[in-house]
Amino acid sequence: MVCKILVTGGAGYLGSTLCKILLEKGYAVTVLDNFYYGQNSLLDCCSYETFDVVRGDCRDEALLGKLLKNQDVVIPLAAMVGAPLCDRDKTAAVTIPLNKSWTPDRAETGWLAGVGTAETSGRMTARGSGN
């Protein structure tokens, strides 16, 4: 049986690189990404029958719940990267993504029951006024 992996933020630099490697190793990969920059970084992955892409937001619990029904592992890479992007979308910059709440307690009792998660390090951008 093929292991099914959901990668949030999979169209970003790290995610698209990781997805190609996972597909080459025989995993089934689903990417959830909002494609904020209109990137085409996943073109190399599209030739794999075990690859699927969903345009959406990882903070959308209904969408995420639907996607998780058929996944074995979640790799949470979705993030707002860079001060200019945070300045353009102030609401998203301060909204806590769902991957911050993927705790063992929630995974055992909630909509993540039965799905493994890969831990990722947090990312943030240092900001200052320049004064």
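I took helices (H or I, at least four residues) and strands (E, at least two) as DSSP runs, numbered from the N terminus. The model is a predicted one, and I kept to its limits: local features need pLDDT of at least 70, side-chain atom pairs count only at pLDDT 80 or more, and totals for chains, interfaces and linings use all residues. Residues are numbered from 1 along each chain as its sequence is written, and side-chain values use heavy atoms, with hydrogens and water left out.

**Entry on helix α1**

I began with the end of α1, which is followed by G26, a residue whose phi is positive, near 100 degrees.

For accessibility I used relative accessible area with a 1.4 Å probe and protein chains only, calling a residue buried under 20%, exposed over 50% and partly exposed in between. On that scale G15, S16, C19, L22 and L23 of α1 are buried. They cover an arc of only 125 degrees around the axis, which puts them on the same side of α1; the arc is that of the directions from the helix axis to the C-beta atoms. The face turned away from this buried side carries Y13 and L14, both exposed. Looking for what covers the buried residues of α1, I found β1 (4-8), β2 (28-33), β3 (51-55) and β4 (73-76) included.

**Entry on C3**

I located C3 in the segment before β1, where at 25% relative accessibility it counts as partly exposed. With contact meaning heavy atoms within 4.5 Å, and residues up to four places away in sequence not counted, C3 touches Y27, A28, D72 and V73.

**Entry on Q71**

I found Q71 in the loop between α2 (61-68) and β4, and this residue is buried, with a relative accessible area of 10%. Its side chain makes a polar contact (a pair of N or O atoms within 3.5 Å, one able to donate a hydrogen and the other to accept it; residues adjacent in sequence count only if both atoms are side-chain atoms) with the side chain of T30, at 3.5 Å.

**Entry on aromatic rings**

I paired rings of Phe, Tyr and Trp (its six-membered ring) if their centres lie within 6.5 Å, with planes under 30 degrees apart counted as stacked, over 60 as edge-to-face and the rest as tilted. By this rule I count one aromatic pair. Y36 and Y37 form that pair, edge-to-face, with 5.5 Å centre to centre and 85 degrees between the planes. Y36 is partly exposed at a relative accessible area of 37%, whereas Y37, at 54%, counts as exposed.
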